[in-house]
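Dear colleague,

Please find the structure below, handed over for your files. My notes on it follow.

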Amino acid sequence: MIPEFLISFNTGHMSCEETDCLVIGGGIAGLSSALALKSYDTTLIYKDGLADTCTYNAQGGIASAMADWDKPLNHKEDTIATGCGIANPEAVDILVREGIDRIKELIDLGLVFDKENGSYHFTREGGHSCSRILHIQGDSIGRNIMSFLYGRAEAEKKIRILHSHFLIDLISSENKLTGALIYDGNRKKVFLVRAKIFILSAGGAGNIFQETTNPPGITGDGLSVAYRRGAELSDIEFYQFHPTTFYLAGAPRFLISESVRGEGGILKNIKGDRFMFDYHPSGELAPRDIVTRAIIDQMKLTGSNCVYLDLSGIKNDLKKRFPQIYSFCRNYGIDLKKSMVPVRPAAHYFMGGIKTDMWGKTNLDNLYACGEIACTGVHGANRLASNSLLEGLVYGVRAAEKAVENMNQKTEKRDVKYSFPQKADILIDREDLKRSIKSLMWRNVGIEREDEVLCVATKKFEEWKKYAFLKEFSDITGFEALNMLIIASLITEAASMRKESRGTHYRNDYPVQDDKSWKKHIIVSRKGFSIEE
Ligand SMILES: Cc1cc2nc3c(=O)[nH]c(=O)nc-3n(C[C@H](O)[C@H](O)[C@H](O)COP(=O)(O)OP(=O)(O)OC[C@H]3O[C@@H](n4cnc5c(N)ncnc54)[C@H](O)[C@@H]3O)c2cc1C
């Protein structure tokens, strides 16, 4: 029922460009790949601008076992423990070891991390057994790392950066990718890009949920495109919900970084009682899934729509240590020195994604994936805080290094035609469809799941697909709505299949982790669902 492509096209009649490498998405993963490919003609596309990447919005920092008191093995153990039995130890080993090298390279190139008394300052976040998080200008690592990497990419002669360019679909010949259909938002035209290699670094899908920390353009497009082309997706039932996002009616779900709790922030319920030690011996620094569910439990118990973060015990100067959070809260009338911050959970990070090997290689020839869109298995069922920027750096470079092995091939020029199957002349309010997907996912496939509500969601999605997939859209909102519908319904099916609780996937009806039956991965492709050890 899912169409093969979102639009009708004939590549023989389209304007066409050629490049050696097409990198789709310019967050930390895409920029790292593009920079590693700088000696080849590389085109890097952004759906929007820099601020619309998750990378730009990152606050807390980047995890790396570089402190005197730390070791990569400790970082590996913490990552594997947080992954709840299904993190891939090989992927984690690569992450923690090569991550140190990648960060040192950035430091050598001039990226400046915060220091205290002349030494790097490492903060602590949930699930880490020691202070391990490097940060920049307090809570502003994202915008700093983006402008640093972007500036370097912009200066490279062979890297061409295109903004407001939207990937609609990829084109393949048998199992091999040959081109990409791109909508140029400036000229309002679709054109074809032929390339030898394709690196998909288009991020996660936070906006399939009503409450999310992700910028609005993160709608799972790349995941959906890859699925349509035949790529395998893995572990898609695992979506991480960040416990603490700002909650005031009408205000954005701005992230209140975990490092706030790392520096001594305390969670209190509406009655003013501290509660985290009732749920976990690490209190506020328990793994994210535990803090998230504890907050939901407290909201239910007290009939409140949020809990509160009390920062009064933090010794550091709040304005200096958390400048973004400080000024955001102040704009909404909250002075961190005097008042508590209202918070509640929101969808934050996708552990699942396009299944890749340790070099970003997917099951499709010429297609590599890296960053949040990819699933190497490094995070297992839950991501350790501040491991994802590191993942983008490490696996972005790895994907590029492997992809260049395909550079000797000729660009495939065979033309492809496609007619969208069943055109329907019906009205579909694309924004309403998006809103409906988001609220259904939040209510039925969110922090707590169970069979009955998952079945309701599956039925609803089937109903919506029946008419939505009959409509050929020609604008980004329409493409996004269909991409969201595809990825949301796949996540729902995977969540129904996994009849246990593990990491971020919590089932009220199967509350226990079942290692005997479920220490496994759910894989999905156009061929259907399968389960792998
Ligand atoms: C508020 C917030 C705070 C965070 N804080 C931290 C932190 O402190 N530490 C940490 O390690 N992680 C943090 N994370 C997670 C981390 O930022 C992300 O996992 C990581 O940056 C993802 O990088 P990426 O390059 O894979 O994707 P992104 O940075 O999200 O970039 C995705 C790119 O894909 C492009 N794209 C998407 N769809 C299309 C399309 N159809 N066509 C063309 N381009 C497309 C977008 O334009 C964008 O350029 C945070 C996330 C958020 C949202």
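How many nonpolar, polar and charged residues does the shell around the ligand have? By class there are 14 nonpolar, 19 polar and five charged residues; Ala, Val, Leu, Ile, Met, Phe, Trp, Tyr, Cys and Pro count as nonpolar, Asp, Glu, Lys and Arg as charged, and the others, Gly among them, as polar.

This is a predicted model, in which local features need pLDDT of at least 70 and side-chain atom pairs count only at pLDDT 80 or more, while totals for chains, interfaces and linings use all residues. Residues are numbered from 1 along each chain as its sequence is written, and side-chain values use heavy atoms, with hydrogens and water left out.

The ligand is surrounded by 38 residues (a heavy atom within 4 Å), and the closest are Thr 55, Gly 60, Gly 61, Glu 372 and Ser 388. A backbone N or O atom of Cys 54 is 3.0 Å from a ligand oxygen atom, and a side-chain N or O atom of Asp 221 lies 3.1 Å from a ligand nitrogen atom. Taken alone, the ligand exposes 1,000 Å², of which the protein buries 98% (Shrake-Rupley method, 1.4 Å probe).

His 521 is found in strand β21 (residues 521-525) (strands are DSSP runs of E, at least two residues). At 18% relative accessibility, His 521 counts as buried (under 20% relative accessible area, 1.4 Å probe, protein chains only). The side chains of His 521 and Asp 235 are joined by a polar contact of 2.8 Å (a pair of N or O atoms within 3.5 Å, one able to donate a hydrogen and the other to accept it).

With kind regards

Terms used:
Helices (H or I, at least four residues) and strands (E, at least two) are DSSP runs, numbered from the N terminus. Buried means under 20% relative accessible area, exposed over 50%, partly exposed in between (1.4 Å probe, protein chains only).
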